[in-house]
Amino acid sequence: MAAPARKFGVEAFREAFDASGNAARQAAFDHFAATGLPHHKIEAWKYTSLVHLARSGFQPAPANFDLSDDLPARFEGAARVVFVNGRYVESLSDASAAGFTALRDAGDQAQIALGAEAADDPMLALAVAMAADGAVLTLAGEPQPLELLYISVPGSSAQMAHTRNRIDVAPGAKAVVVERHMAIGEGEATLSNGSTQIALAESSELVHIKLQDEAANASHVWHHVVEIAAKAQYLSHVVSTGGGLARNRITVRLQGEGAHCDLDGAYSARGKQHLDHTSKIVHAVADTTSRQVYKGVLDDHGRGVFQGHIVVAEDAQRTDGHQLNRALMLSDHAEIDSKPMLEIYADDVKCSHGATAGDLDDNQLFYLQSRGIPADAARRLLVEAFLAETIDAIPFEPARAAALALVQEHLAR
């Protein structure tokens, strides 16, 4: 009889787990325990393993930091809600934030079932099991744009924070939500693990922007699960420059005719950074559309991962779905793992995928240098322009400016 498969890291997290009689949390942890930390033998994690986290000795991160003087500038015109080490901080947040309730105060609204998306994502189950807090948003009409600011404060030992969010967008509503993930201060390794469940009702629209700039020794793992009703639109923009290892996963289900989603991403990795962007879009019914464009810049020993999976159900005729991944390789040691996939069960569809990787264009470099621009400056201009093409699509101007500044700062280091 073959030996049972080893479950990595379960005991390391069990010590910090407290169900407190909550059956849903216990079921989620049991799901995590059945798999353990994800590794290369799980297809969805083929290029990103987290088994090293079992050796890190993470403990729950403390809260109650006074960070009022260290917070980044606010986005003009937006309300702000602040989480420090995974916990809501009322004193740093706007009481006027429309539709917001802290997870710890949300009662029945906070109940989030562990769906099929957890089948190959034990970290999603772990977030549901161990989340100390999060945001519950109920958005109607055209509310003021909202910034969810997540701050990690590293300590003298390795620490972790788990967060669970829920966003419900009412019929006909149009909303903008910006997630900003960052670190303040220096210290030992951190783990930020989160899940966000999003439901868009008929004819609604959500512009969802995520800016990720965690510390160099941080692991950032997040899974957004999105359901889109008829004639609704989900517009996602992800910009990732931080973290030693960062994985952003989006699972979208288009379940009403006329539903649409855009998934755009820009990322930049240097040193030994590992940045993973994984998506799955399910066209469950007829007459739905989707677009994905992810662009990355990889230098030194930086590694990028793109896994884009489009599923067209048997009755989802007239589906229109496209995905593209492009990567600039600025070093012989950089690596990109790209796996675009189409899984089609209908016959009247228009779907495509593509992936390209290469260095900067020598002709473009020569053109800029011939006009007196030094070689290093010319290279930087071309790299910024490559990513700016995606960043320029962010419709909320203050977040667009912050995203461009993130990229420029990262490239200038």
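# Cavities, a pocket and helix pairs: worked exercises

A search of the whole structure, a predicted model, finds four cavities of 30 Å³ or more.

## Exercise 1: The largest cavity

Task: Find the volume of the largest cavity, the residues nearest its centre and the elements that give two or more residues to its lining.

Solution. 
- Step 1. Start with the volume. The largest cavity holds about 100 Å³.
- Step 2. Look at the lining. It has 13 residues, and G86, Y150, S152, T163 and S192 lie nearest the centre.
- Step 3. Turn to the elements. Strands β6 (146-152), β7 (159-169) and β9 (190-200) each give two or more residues to the lining of the largest cavity. β6 gives the most, with three residues.
- Step 4. Sort the lining of the largest cavity by class. Five residues are nonpolar, seven are polar and one is charged.

## Exercise 2: The second largest cavity

Task: State the volume of the second largest cavity, then list its lining residues and sort them by class.

Solution. 
- Step 1. The volume of the second largest cavity is about 50 Å³.
- Step 2. Its lining is made of K210, Q212, H220, V238, S240, A246, R247, N248, L275, D276 and H277.
- Step 3. The strands that give two or more residues here are β10 (205-213), β12 (233-240), β13 (245-254) and β15 (274-283).
- Step 4. Sort by class. The lining of the second largest cavity has three nonpolar, five polar and three charged residues.

## Exercise 3: Helices α4 and α5

Task: How do the axes of helix α4 and α5 cross, and which residues meet?

Solution. 
- Step 1. Locate α4. It covers residues 362-370.
- Step 2. Read the geometry. The axes of α4 and α5 come within 9 Å and cross at roughly 125 degrees. So α4 is oblique to α5.
- Step 3. The crossing of α4 and α5 is right-handed.
- Step 4. Find the contacts. From α4 come Q364, L365, L368 and Q369; from α5 come A375, A378, R379 and L382. By class, this contact has five nonpolar, two polar and one charged residues.

## Exercise 4: Helices α5 and α6

Task: Why is α5 roughly antiparallel to α6?

Solution. 
- Step 1. Locate the helices. α5 covers residues 375-391 and α6 covers residues 397-412.
- Step 2. Take the angle. The axes of α5 and α6 come within 11 Å and cross at roughly 150 degrees.
- Step 3. Apply the cut-off. Angles over 145 degrees count as roughly antiparallel. Therefore α5 is roughly antiparallel to α6.
- Step 4. The crossing of α5 and α6 is right-handed.
- Step 5. Find the contacts. R380, V383, E384, L387, A388 and I391 in α5 touch R400, A403, L404, V407, Q408, L411 and A412 in α6. These residues split into nine nonpolar, one polar and three charged.

## Exercise 5: The largest pocket

Task: Which residues are the closest to the centre of the largest pocket, and which element gives the largest share of its lining?

Solution. 
- Step 1. Note the volume. The largest pocket has about 320 Å³.
- Step 2. Go to the centre. Of 15 lining residues, D299, L330, R380, V383 and L411 are the closest to it.
- Step 3. Name the elements. β14 (260-269), α5 and α6 each give two or more residues to the lining of the largest pocket. The largest share is that of α5, with four residues.
- Step 4. Sort by class. The lining of the largest pocket has six nonpolar, two polar and seven charged residues.
- Step 5. Link back to Exercise 4. R380 and V383 in α5 and L411 in α6 are also among the residues in the contact of those helices.

Terms used
Residues numbered from 1 in each chain as written. Predicted model: local features only at pLDDT ≥ 70, side-chain atom pairs only at ≥ 80, totals over all residues. Heavy atoms only, no water. Axes fitted to C-alpha atoms, helices over the stretch in contact; angles between N-to-C directions. Parallel < 35°, antiparallel > 145°, perpendicular 65-115°, else oblique. Left-handed = near helix turned anticlockwise from the far one by under 90°. Contact = heavy atoms within 4.5 Å. Nonpolar A, V, L, I, M, F, W, Y, C, P; charged D, E, K, R; others polar. 1 Å grid on protein atoms, 1.4 Å probe; cavity = no way out; pocket = protein on both sides within 12 Å on 5 of 7 lines; lining within 4 Å. Points joined across faces, edges and corners; volume = space filled by probe spheres on them.
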